[in-house]
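Subject: Structure for you to look at

Hello,

Here is the structure I promised to pass on. Please open it beside this message and follow along; my notes come after it.

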Amino acid sequence: MYHDLLALIENNKIKAGEKLPSEFDLQNKYQASRDTIRKALLLLFQNGYIQKSQGKSSIVLDINRFNFPVSGLTSFKEIASDIKGKVETIVHTCECIEPDEEIKKLLMLKSGTKVWYIERVLDILPMPKGRGFLDTNDTCLLK
């Protein structure tokens, strides 16, 4: 379903500024659970294809206005390979925890699901501290 919606957006079948069908309509069209629909929409949102608003339809963004990739993450290793000098990652915390309500909502997790909480410092030219949450299915949400 994610790839189908992505193809519709990339092939301009659903144009920038248009609304995606409602979660209910997507459930009916794809015969999928609400959780599956929400995860597909979350991926589209995280990859810069749609804007989501609580209680409103998702709006397709103009993907052609960017001249750099907005999907995915650049790894620290990729960044470090372009930097001269000493580069170091210092991990202060790495533990499996029960997330708070905000993180559960953002990751659309069921009660009782644990996440990896990682707190690190990327020491390049001093960089700011990074925080991240990984659910146990390896879905990443940086905050």
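A nonpolar core is a set of buried Ala, Val, Leu, Ile, Met, Phe, Trp, Tyr and Cys residues joined through side-chain atoms within 4.5 Å. Buried here means under 20% relative accessible area. Please keep in mind that this is a predicted model.

The largest nonpolar core has 14 residues, and those touching the most other members are I9, L20, L41, L44, Y49, I50 and V60. Two or more residues of this core come from helix 1 (2-10) and from helix 3 (34-46).

Beyond its neighbours within four places in sequence, Y49 is in contact with L6, I9, E10, L44, I59, V60, L61 and I63.

Next, helix 1. Its buried residues are Y2, L5, L6 and I9. Viewed down the axis of helix 1, they fall within an arc of 100°, so they line one face of the helix. The general rule is that an α-helix has 3.6 residues a turn, so residues three or four places apart point the same way. The buried residues of helix 1 pack against helix 2 (23-30), helix 3, strand 1 (50-51) and strand 2 (59-60). After helix 1 comes N12, which has a positive phi, near 60°.

How do helix 1 and helix 3 cross, at what angle and within what distance? Their axes come within 9 Å and cross at roughly 40°. The two helices are therefore oblique to each other, and the crossing is right-handed. Helix 1 makes this contact through Y2, L5, L6 and I9, and helix 3 through A40, L43 and L44.

Regards

Methods: Residues are numbered from 1 along each chain as its sequence is written. This is a predicted model: local features need pLDDT of at least 70, side-chain atom pairs count only at pLDDT 80 or more; totals for chains, interfaces and linings use all residues. Side-chain values use heavy atoms; hydrogens and water are left out. Buried means under 20% relative accessible area, exposed over 50%, partly exposed in between (1.4 Å probe, protein chains only). Helices (H or I, at least four residues) and strands (E, at least two) are DSSP runs, numbered from the N terminus. Contact means heavy atoms within 4.5 Å. The arc is that of the directions from the helix axis to the C-beta atoms. Axes are lines fitted to C-alpha atoms, for helices over the stretch in contact, and angles run from 0 to 180 degrees between N-to-C directions. Angles under 35 degrees count as roughly parallel, over 145 as roughly antiparallel, 65 to 115 as roughly perpendicular and the rest as oblique. A crossing is left-handed if the near helix is turned anticlockwise from the far one by less than a right angle, and right-handed if clockwise.
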